[in-house]
Amino acid sequence: MSSMWRNKRDELLKLTLKLRILRIQNKGRIIKLKSPFRLDKAKIYGFKRNRIFTNLLIKVRRRLNKRKARKGKIYGKISSHGSLKRKRNLSLKSIAIQKLKKIYKNYISFKGYCVYQDKNFKYYEFFLKKV
């Protein structure tokens, strides 16, 4: 299975991923999964089927690090700054972790990885551990 994941252009892998994502796509932003997407990676990260561990899938909107400007103008800024320098450059993974921390406050996220990405969203799988 891990050799299939290394060769991501494999048609069988693409098809199975699309089918799994299509089932989940319309459910919501954060979804509890019964089993991990990639068992080989989950075992490497130390995931076990206990009450202590939870397996979550989160989708994050892919976007530019650009601040929205009314009428296309940014008011109250330094002249050398554009619309890009006014916002913190965070990776999508760190944004996903922040969203998880808001909802699951008594859990610690100890590992996570990207599962799938399409035009609008990037899907991450995280393993959380109870404190």
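Helices here are DSSP runs of H or I with at least four residues, strands are runs of E with at least two, and both are numbered from the N terminus. This is a predicted model, in which local features need pLDDT of at least 70 and side-chain atom pairs count only at pLDDT 80 or more, while totals for chains, interfaces and linings use all residues. Residues are numbered from 1 along each chain as its sequence is written, and side-chain values use heavy atoms, leaving out hydrogens and water.

**Start with the whole chain.** Colour by secondary structure and you'll find four helices and four strands. Going along the sequence, they come in the pattern α-α-β-α-β-α-β-β. Of the chain's 131 residues, 31% count as buried (under 20% relative accessible area; exposed is over 50%, and partly exposed is in between, with a 1.4 Å probe and protein chains only).

**Next, select Leu17, Phe37, Leu57 and Val115.** Among the 18 residues of the largest nonpolar core, these four touch the most other members. Such a core is a set of buried Ala, Val, Leu, Ile, Met, Phe, Trp, Tyr and Cys residues joined through side-chain atoms within 4.5 Å. Now show H2, strand E2 (53–61), strand E3 (107–117) and strand E4 (121–130): each gives the core at least two residues. Which of them supplies the largest share? That's H2, with four residues. In soluble globular proteins, nonpolar side chains tend to be buried together.

**Stay on Val115.** Leaving aside residues up to four places away in sequence, Val115 touches Trp5, Leu17, Phe37, Leu57, Tyr123, Tyr124 and Glu125. Touching, or contact, means heavy atoms within 4.5 Å.

**Then pick Ile58, Val60, Leu100 and Tyr107.** They belong to a second, separate core, which has 12 residues.

**Move out to Leu15, Leu19 and Leu22.** This trio makes a nonpolar surface patch of about 310 Å². Patch residues have over 30% relative accessible area and no salt bridge; like charges are joined within 9 Å, and nonpolar side chains (Val, Leu, Ile, Met, Phe, Trp, Tyr) within 5 Å. A salt bridge would be a side-chain nitrogen of Lys or Arg within 4 Å of a carboxyl oxygen of Asp or Glu. Zoom in on Leu19, in helix H2 (residues 11–24). Its relative accessibility is 45%, so Leu19 counts as partly exposed.

**Last stop: Asp40.** You'll find Asp40 in helix H3 (residues 39–45). Is Asp40 buried, partly exposed or exposed? Partly exposed, because its relative accessibility is 22%.

Technical notes. Areas by Shrake-Rupley, 256 points an atom, 1.4 Å probe, with all protein chains shown as cover.
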